[in-house]
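This report goes through the fold, the packing and a few single residues of one protein chain. The sequence and the structure come first.

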Amino acid sequence: MCKAITVLPDNFKPHNQVKKVYDDRARMIETGEGIDWPLAEALAFGTLLVEGSHIRLSGQDVERGTFSHRHATVHDQETGREYCPLDHIMKGQNE
């Protein structure tokens with residue numbers, strides 16, 4: 001689960017600031033140091049998904065807006081494609 005919420009697909013081109021957020025999250029997971037609220041929230045959501053609970057986040061705060069640190073949905077800067085790491089926690093999750 002930790003990898004799923006800290007790594008974006010190889011062919012995905014996020015905004016540089018968003019890439020930094022994901023790089024920082026990966027570092028926090030690897031070192032166990034400096035874990036911030038957005039990462040803790042993503043870990044909590046991921047845990048609920050792994051346990052079989054369904055979660056629904058709605059509103060502009062999920063992608064952009066007041067809580068843009070959340071970055072639950074990320075946009076490719078070249079194609080506009082969206083990617084939601086929480087949709088890729090487990091194999092076959094969205095089947």
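A residue counts as buried under 20% relative accessible area, as exposed over 50%, and as partly exposed in between. The model described here is predicted.

## Gly80 and the loop between the strands

Gly80 has a relative accessible area of 44%, so this residue is partly exposed. Gly80 sits in the loop that runs between β1 (74-75) and β2. In sequence, Gly80 and Lys13 are 67 residues apart, while their C-alpha atoms are separated by 9.4 Å.

## Overall fold

The chain contains two helices and two strands, and along the sequence these follow the pattern α-α-β-β. Of its 95 residues, 33% count as buried. Among the contacts with a separation of 6 or more, 57% come from residues 24 or more positions apart.

## Nonpolar cores

The largest nonpolar core has eleven residues: Ala4, Ile5, Met28, Leu39, Ala42, Leu43, Phe45, Leu49, Cys84, Leu86 and Ile89. Helix α2 (residues 37-50) gives the most to this core, five residues. Another core lies apart from it and has six residues, including Phe12, Val18, Val74 and Tyr83.

Leu43, one of the residues of the largest core, touches Met1, Cys2, Ile5 and Ile29 when residues up to four places away in sequence are not counted.

## Packing of the two helices

Helix α1 (residues 16-31) packs with α2 at an angle of about 75°, and the axes are 10 Å apart. Angles of 65 to 115 degrees count as roughly perpendicular, and α1 is therefore roughly perpendicular to α2.

From α1, the residues Arg25, Met28 and Ile29 meet Pro38, Leu39 and Leu43 of α2. Sorted by class, this contact of α1 with α2 comprises five nonpolar residues, one charged residue and no polar residues. Met28, Leu39 and Leu43 also belong to the largest nonpolar core.

## The aromatic pair

How many aromatic pairs does a search of the whole structure find? The search finds one. A pair of aromatic rings is described by the distance of the centres and the angle of the planes. For Phe12 and Tyr83 the ring centres are 5.9 Å apart and the planes are at 50°, so the pair is tilted.

The pair links distant parts of the chain, with Phe12 in the segment before α1 and Tyr83 in strand β2 (residues 82-83), 71 residues apart. Both residues, Phe12 and Tyr83, are buried.

## The segment before α1

Phe12 lies in the segment before α1. Its relative accessible area is 5%, so Phe12 is buried. With neighbours within four places in sequence left aside, Phe12 is in contact with Val74, His75, Asp76, Arg81, Glu82 and Tyr83. Phe12 and Glu82 are 70 residues apart in sequence, and from C-alpha to C-alpha they are 9.3 Å apart in space.

Pro14 is also found in the segment before α1. Is Pro14 buried or exposed? With a relative accessible area of 13%, Pro14 is buried, because the cut-off for buried is under 20%. Apart from neighbours within four places in sequence, Pro14 is in contact with Leu8, Lys19, Val74, His75 and Gln77.

Methods. Residues numbered from 1 in each chain as written. Predicted model: local features only at pLDDT ≥ 70, side-chain atom pairs only at ≥ 80, totals over all residues. Heavy atoms only, no water. Core = buried A, V, L, I, M, F, W, Y, C linked by side-chain atoms within 4.5 Å. Buried < 20%, exposed > 50% of the residue type's maximum accessible area, 1.4 Å probe, protein only. Helix = DSSP H or I, 4+ residues; strand = E, 2+ residues; numbered from the N terminus. Contact = heavy atoms within 4.5 Å. Axes fitted to C-alpha atoms, helices over the stretch in contact; angles between N-to-C directions. Parallel < 35°, antiparallel > 145°, perpendicular 65-115°, else oblique. Nonpolar A, V, L, I, M, F, W, Y, C, P; charged D, E, K, R; others polar. Phe/Tyr/Trp six-rings, centres within 6.5 Å; stacked < 30°, edge-to-face > 60°.
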